[in-house]
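Please read the following report alongside the sequence and the model, which are shown here first.

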Amino acid sequence: MGNVFAVTNQKGGVGKTTTTVNLAASLAENAKKILLIDLDPQGNATTGCGVDKATLEKSSYDVMMGEASAAEVIVKRDDFSFDVIPTNADLTAAEIELLDEDQREHRLRLALEPIRADYDYILIDCPPSLSMLTLNALVASKGVIIPIQCEYYALEGLSSLLKTVERVKQRANPTLEVTGLVRTMFDARNNLANQVSRQLINHFDKKVFHSIIPRNVRLAEAPSHGIPVVSYDRSSRGSIAYMALASEFMRREKS
Ligand SMILES: Nc1ncnc2c1ncn2[C@@H]1O[C@H](COP(=O)(O)OP(=O)(O)OP(=O)(O)O)[C@@H](O)[C@H]1O
Ligand SMILES: [Mg+2]
């Protein structure tokens, strides 16, 4: 799936949703046609895109369970320029219900086939677990974008994530690769953050995006207005950082 990317890390609260929403918005600012898929039952990306979780008629749950096509579930927004497949807590049930289904890890890949060519990039916001939902995202994707908060436990979960990526690659999706690791909520004055950042570069070298996302209050505020940071405060450090990440991402994908 040449243009699908899973934003994933089973560690909670590391900036997956913030990265998915703001990378989507920043790519759209570059005139790219973008679809964001919320595959986390928490529905934070849905809210962050200004879609009301409580009034959804259809969600990524319906797509996963084959009850609606992806095209039927897409929400198109006028106020910023990317499309969204939203979700809500209904998606929790998919974890269990999928266990009885055929091709349960391939549901999302198959569902995206008819609409994939309509977009330059499709970004999937994953839940904080290596669950059936995350597996579906990995099977459907070309690349994995891993947000990392540079703190003491940051590297702990990384090896099981990378093992899972490797397993999916061997069994179901031979072209899957790690696109890059993104350092999030970075505080350059913090010694530990700098130390972990150096470790990441030692281990993963060019896989670490040069663009660093700083801790920036505008990034935390924007979701409560249901808009990405580039619409909320275009000149904030957070917005500038995600625009830089988008440029770097596009350069990598071209080469
Ligand atoms: N660069 C940043 N600067 C300041 N706050 C941030 C930044 N990135 C994320 N946050 C805030 O940190 C919290 C966690 O971020 P986010 O929801 O993106 O993480 P997540 O990995 O998606 O979490 P979960 O695992 O629960 O899905 C949120 O309140 C978010 O607004
Ligand atoms: Mg999230």
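Phenylalanine 5 counts as buried because it has 23 C-beta neighbours inside 10 Å; a residue is called buried if 20 or more other C-beta atoms lie within 10 Å of its own, exposed if 12 or fewer, and partly exposed in between, with C-beta atoms placed from the backbone. This is a predicted model, in which local features need pLDDT of at least 70 and side-chain atom pairs count only at pLDDT 80 or more, while totals for chains, interfaces and linings use all residues. Residues are numbered from 1 along each chain as its sequence is written, and chains are lettered from A and ligands numbered from 1 in the order in which they are written.

Phenylalanine 5 has its place in strand E1, residues 4–7, where helices (H or I, at least four residues) and strands (E, at least two) are DSSP runs numbered from the N terminus. Neighbours within four places in sequence aside, phenylalanine 5 is in contact with Tyr121, Leu123, Ile124, Ser141, Lys142, Gly143, Ile145 and Thr179, a contact being two C-beta atoms, placed from the backbone, within 7 Å.

## The sheet

Seven strands form an open sheet with mixed pairing, in the order E3-E4-E2-E5-E1-E6-E7; two strands pair if DSSP finds at least two bridges between them. Strand E3 (75–76) and strand E7 (177–184) stand at the edges with a single partner strand each, so one side of each is left without a neighbour in the sheet. E3 runs antiparallel to strand E4 (residues 83–85), joined by 2 bridges, and valine 75 has valine 84 as its bridge partner in E4.

Strand E2 (residues 34–38) is mostly covered, with 5 of its 5 residues buried: Ile34, Leu36 and Asp38 point one way from E2, and Leu35 and Ile37 point the other way. E2 pairs in the parallel sense with strand E5 (residues 121–125) over 5 bridges, and isoleucine 37 has isoleucine 124 as its bridge partner in E5. E2 also pairs in the parallel sense with E4, over 3 bridges, where the bridge partner of leucine 35 is aspartate 83.

## The nonpolar core and its helices

In soluble globular proteins, nonpolar side chains tend to be buried together. The largest nonpolar core has 73 residues, and those with the most contacts inside it are Ala24, Leu36, Leu123 and Ile124; such a core is a set of buried Ala, Val, Leu, Ile, Met, Phe, Trp, Tyr and Cys residues joined through C-beta atoms within 7 Å. Helix H7 (residues 132–140) gives the most to this core, with 7 residues. Because 9 of the 9 residues of H7 are buried, this helix is largely enclosed by the rest of the structure. Alanine 24, not counting residues up to four places away in sequence, touches Ile34, Leu36, Phe82 and Leu123.

Helix H12 (residues 237–254) has buried residues including Gly238, Tyr242 and Phe249, and the buried residues of H12 pack against H1, E7, H10 and helix H11 (229–232).

## Around ligand 1

Ligand 1 is surrounded by 20 residues, the closest being Gly12, Lys16, Thr17, Thr18 and Pro128; a residue is near a molecule if its C-beta atom, placed from the backbone, lies within 6 Å of it. The elements that give two or more residues to this shell are helix H1 (16–29) and helix H10 (217–221), and the largest share, 3 residues, comes from H1.
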